[in-house]
Amino acid sequence: MTAADFSGYHGTFGWIVVAACLLALAPSGLRWLRVAQREHYLAGSSTRFAARWWTVTPLNAALGVVALAGAVTSLWWTLAGLATAAVVAVGPIGLGVRGRSSPLAWTRRLRTLAAVWVVAQFVLVVIGIVTGLASPLALLGALLVPALVDGACALTGPFESRAASRFVHQASARLAQVAPTVVAITGSFGKTSTKNHLTHLIASERSVVSSPASFNNRAGLARAVNEHLADGTQVFVAEMGTYGPGEIADLCRWCPPEIAVITAIGPVHLERFGSEDRILEAKAEITVAASTVVLNVDDRRLAALADRLVDQGKRVVRCSASDADCEVSVVRDAAARMTVRIGPATIVAQHLVVPAGVQPGNLACAIGAASALGLGTAAIAARLSDLPAVGHRLEAGRSPAGFIILDDTYNSNPSGAREALAALVAQTALAAQPDEAMNLATPPGETRDQATPASQRLVVVTPGMVELGRRQAEENRSFGAAAALAATDLVVVGRTNRRALVAGSSVPEAARLHLVADREEAVAWVRATLAPGDAVLYENDLPDHYP
């Protein structure tokens with residue numbers, strides 16, 4: 001077929017199709033630009049999510065077929081391209097243009113990305129006009145919006161990195177000027193909790209600043225230093241995250257830690273790394289510049305790393321949630337009380353009652369880092385008694401209707417999910433206890449009958465776990481089975497892991513299964529169903545750019 005065969009695309013019908021495609025680009029572009037932003041502008045993310053969205057439901061799959069068929073058929077019948085433009089404009093169904101939990105934010109970086117993407121779309125149309133293929137190329141551009149957004153991410157990435165360099169240089173100079181002791185913390189999970197625990201433990205003895213929220217990448221950490229590192233700061237606690245090899249090494253070049261902490265190695269971000277051994281290699285970059293390394297040696301990979309680091313002449317503080325012979329141990333008993341030890345014979349605190357959501361391994365690492373900073377056991381022990389709760393990590397409360405809420409929405413790893421289920425089951429025995437004994441928050445103005453009956457319904461609300469690579473389906477099936485046995489009701493949110501969770505929950509004497517579209521529907525079901533004495537676990541949460 002020659003260019004002359006497509007001469008009809010310069011006719012009225014051809015221009016109608018081109019105009020329809022250009023109109024469809026607005027909502028489609030907003031959708032996939034939002035996905036790119038929520039996935040940290042990583043090239044390939046929009047295309048990966050597009051594959052998920054267009055196959056997640058029969059309706060979206062059917063619409064995808066219609067879009068492709070319309071584009072192909074338009075080679076013979078021009079107006080068939082209108083079907084493609086219509087599908088691109090409205091689909092995939094469920095992926096909103098504006099977003100509810102993760103709305104589009106028009107930052108400078110997003111505006112730059114959007115401009116590059118618009119230029120790419122415009123170039124396709126211009127090529128089409130010049131070659132006489134305006135309608136086919138307009139349709140192709142409409143179908144390839146996610147891929148073109150990814151291409152724009154790849155093109156702008158190096159420029160964004162260079163643009164951020166001046167802020168990194170500024171942060172490096174600020175660190176040199178203030179000269180705090182830098183404690184860097186990484187791990188597949190537990191980073192933020194450990195950072196918060198450590199900051200609390202040393203706050204009465206040292207002037208400390210920690211990186212806020214999850215500011216754990218290059219731009220975020222530089223911003224934390226530039227905006228928060230005040231004169232006289234003695235300790236800077238830096239959370240460091242990574243999506244690939246070399247990222248933590250880059251952070252440590254301009255923010256070199258004297259003390260490095262690794263909390264855990266697990267399958268989080270496995271789809272990007274490929275294996276947990278590669279995750280370990282990337283996380284271990286944090287140890288290169290450090291003279292002291294604090295490791296949770298309950299993880300066999302970190303235990304082996306500890307031996308290698310000792311051979312390199314580094315000081316290693318081994319921490320554990322099970323081995324009392326380690327330099328630091330925090331061991332929890334069946335009654336959820338913790339015994340804390342520093343050194344082989346020094347008992348800091350026995351039967352310590354801490355807020356729900358405090359994981360022994362994370363607390364042990366924080367204590368290990370505090371000890372490495374020179375804090376004495378008495379100073380550490382004094383701060384353990386008022387350890388703050390960890391927000392959205394098994395955070396316990398009671399609803400106005402009287403049922404117990406366990407908020408574990410910031411957790412998305414198999415180990416934490418097992419801990420959360422155990423905490424939910426424990427509510428059966430704890431439901432009759434006073435709020436104070438359970439560390440529960442009672443809404444202002446509410447009074448409670450402390451003789452609450454034993455829990456009648458135990459509910460798990462979850463979208464499952466993500467970024468687990470090839471293990472994602474298997475881990476969610478296992479979690480679905482465990483949740484079905486632990487709870488009376490399992491509420492599966494969304495479709496990302498629905499098939500695996502439902503398959504796992506299909507066991508004898510399983511919980512009642514409820515399928516909901518989104519978080520709002522799940523919360524509405526819980527409020528309409530639960531009563532005093534019941535308990536609900538919200539396990540993980542996904543932003544709404546996930547199906």
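## Helices α1 and α2

In this predicted model, α1 passes α2 in a right-handed crossing. Helix α1 covers residues 12-38, and helix α2 covers residues 45-55. The two pack at an angle of about 120 degrees. Their axes lie 9 Å apart. Angles of 65 to 115 degrees count as roughly perpendicular and those over 145 as roughly antiparallel. The helices α1 and α2 are therefore oblique to each other.

Which residues meet where α1 and α2 touch? From α1 come W32, V35 and A36. From α2 come S45, S46, F49, A50, W53 and W54. The residues of this contact divide into 7 nonpolar and 2 polar, with no charged residue.

Is N60 buried or exposed? The relative accessibility of N60 is 0%, so N60 counts as buried.

Leave aside the neighbours of N60 within four places in sequence. N60 is then in contact with W53, W54, P92 and I93. Two of these names have come up already: W53 and W54 belong to α2, on its contact with α1. P92 returns below.

Helix α4 runs over residues 81-90 and holds A83. A83 has 32% relative accessibility, so A83 counts as partly exposed. Along the chain, A83 and V65 are 18 residues apart. Their C-alpha atoms are separated by 11 Å.

Next comes the loop between α4 and α5, where P92 has its place. Helix α5 covers residues 108-131. What kind of peptide bond joins G91 and P92? The bond is cis, with omega of about 0 degrees. P92 is also one of the residues in contact with N60.

## The buried residues of α9

Helix α9 takes in residues 218-228. Buried residues in α9 are G220, L221, A222, A224 and V225.

What covers these buried residues of α9? The cover includes two helices, α7 (145-178) and α10 (247-254). The strand β3 (235-239) is also included.

Neither residue is glycine, yet each has a positive phi. Phi is near 65 degrees for H392. For L394, phi is near 55 degrees.

How exposed are H392 and L394? At 29% relative accessibility, H392 counts as partly exposed. At 7%, L394 counts as buried.

## Confidence in the model

The mean pLDDT of the protein is 88. Of its residues, 92% reach 70 or more.

Where does pLDDT stay under 50? Residues 1-9 form one such stretch. The model has 16 contacts for these residues beyond four places in sequence. Residues 440-453 also have pLDDT below 50. Beyond near neighbours in sequence, this stretch has 32 contacts in the model. Where pLDDT is low, the predicted coordinates should not be read in detail.

Conventions: Residues numbered from 1 in each chain as written. Predicted model: local features only at pLDDT ≥ 70, side-chain atom pairs only at ≥ 80, totals over all residues. Heavy atoms only, no water. Axes fitted to C-alpha atoms, helices over the stretch in contact; angles between N-to-C directions. Helix = DSSP H or I, 4+ residues; strand = E, 2+ residues; numbered from the N terminus. Parallel < 35°, antiparallel > 145°, perpendicular 65-115°, else oblique. Left-handed = near helix turned anticlockwise from the far one by under 90°. Contact = heavy atoms within 4.5 Å. Nonpolar A, V, L, I, M, F, W, Y, C, P; charged D, E, K, R; others polar. Buried < 20%, exposed > 50% of the residue type's maximum accessible area, 1.4 Å probe, protein only. pLDDT = per-residue confidence, 0-100.
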